[in-house]
Amino acid sequence: MIRIACLHVPDADATVQSALLDIALRHSPSVEDVAPGIVFLDLRGLGKLWGGEEELARRLLQAVAERGWTARVGIAGSRAGARFAARAGEGVTIVPPGRDAGRLGVAPLALLDLGPEMAARLARWGIRTLGELADLPARGLAQRLGDEGPRLQRLARGEDPTPLRLWTPPPVFEESAECAWGIEALEPLGDLMAGLAEALCARLRRAELTADAFAWTCRLADRTVHEGFCAPAAPLADSAAAAAMLRASLAARPPRAAVEGITLRAHPLRAPKAQPRFDEPPGPSPRLLTAALARLSGLVGASGIGSPELLDSHRPDAMQMTPFVLFPLRNPAGVAVRAEGRSPEARAEIDTGKILAVRRMRPPRPARVTLAAGAPAHLHAGGLAGRIVAGAGPWRVSGEWWTEEAFVQDEWDVELGDGTLCRLARDGRGWRLEAIYD
């Protein structure tokens, strides 16, 4: 005999739902995750274990109340019956076996989680409750809705033989090690971290998963905690690449005391497998790229590795470093974005050499500029010197006046006597050579 319990907490979020699933799994081995605040439990064979359905429902309410929430429990012979009992009653509501159809007669159609098209069609027919759906002629319903019509009618009558869609807690990919005497040197600590990475990656490969992030927590001898985080350029399950990345991350930010215990965690990800397009250049090996980035991170720091991304700001050269993306940017149609998308006019200007390329000075070079009538007349900057024969400007660039890092500078485009074109800028710190036009 099918008996289903519905554990319901109104207005629940993802945190509450996670706790509800944990509570339900401690009371029944068969649990279904329905929606935030709604969990189904299969009660078959659990009556003698918990002392009856009412006692089991009371234990569920008590477990939820210990977390500080108010719950309702409905028990019936179907999902719809248990869900309606939990929503319509207070505390515990138990529908006797075989009585689901009578209780569901006044229940709204929303209990069946209909799609928009099916809900609109039944609404046009004037069907508002499960009882009205259950009373429709079965043959006519099948002619108009196909197999879906009789299935919905059986659910409206409390006939639900489909087993629960079992929910299992996500696996935790974590490895720990204790260091009884403490580890102070980076080399043995890196070796220990590499061993943990090897065990983690082996578990990931067995589950056909990869990791897109690694995090570790070190318990130090001075009773403090040292935490770290690193993300590979592409999801991986290769222990050698993960070990190289973790060693470099530890070297860039070593713990400040001896390590007595360490825990390494991996964030699992099931990366989709897709054959590359024939018209795309082959991408770099994720394993080799991750190892190279790990070595660079150890030399220049994690903040200096990535792809530059322009910020939405008027500040000159405002940018930030973002992680590398191995896959080409695609438009909604799935076609790789290419440079050939320029207009015919732009391509013609490039072909005829009418476009100037700007070579930015990074960082800008300090400059000495002589003025004549308020305009630049002579330039001397890092091996570049000469009389200015033509110029345009100034153009004022300013912004972020509402912050402590407000900026303002004047810019000129000038031509030297030898034909060199360059961009000059001046602010409160003086003159700078910003760029040269090629």
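Author: The lining of the largest cavity divides into 5 nonpolar, 1 polar and 2 charged residues. Nonpolar here covers Ala, Val, Leu, Ile, Met, Phe, Trp, Tyr, Cys and Pro; charged covers Asp, Glu, Lys and Arg; the others, Gly among them, are polar. The model is predicted: local features need pLDDT of at least 70, side-chain atom pairs count only at pLDDT 80 or more, and totals for chains, interfaces and linings use all residues. Residues are numbered from 1 along each chain as its sequence is written, and side-chain values use heavy atoms, without hydrogens and water.

The lining consists of Ala76, Gly81, Phe84, Ala85, Val95, Asp100, Arg103 and Leu104. A cavity is a set of points on a 1 Å grid over the protein atoms alone where a 1.4 Å probe fits but cannot get out; lining residues have an atom within 4 Å of a point. Helices H4 (79–88) and H5 (100–104) each supply at least two lining residues; helices are DSSP runs (H or I) of at least four residues, strands (E) of at least two.

Now the packing. The largest nonpolar core has 29 residues. Such a core joins buried Ala, Val, Leu, Ile, Met, Phe, Trp, Tyr and Cys through side-chain atoms within 4.5 Å; buried means under 20% relative accessible area (1.4 Å probe, protein chains only). Phe214, Trp216, Leu246, Ile262 and Leu264 touch the most other members. Two or more residues each come from strand S6 (174–183), helix H10 (186–206), strand S7 (210–220), helix H11 (239–252) and strand S9 (259–269). H10 gives the largest share, 7 residues.

How values were computed: On a 1 Å grid over the protein atoms alone, a cavity is a set of points where a 1.4 Å probe fits but cannot get out, and a pocket is an open set with protein on both sides within 12 Å along at least five of seven lines; lining residues have an atom within 4 Å of a point. Buried means under 20% relative accessible area, exposed over 50%, partly exposed in between (1.4 Å probe, protein chains only).
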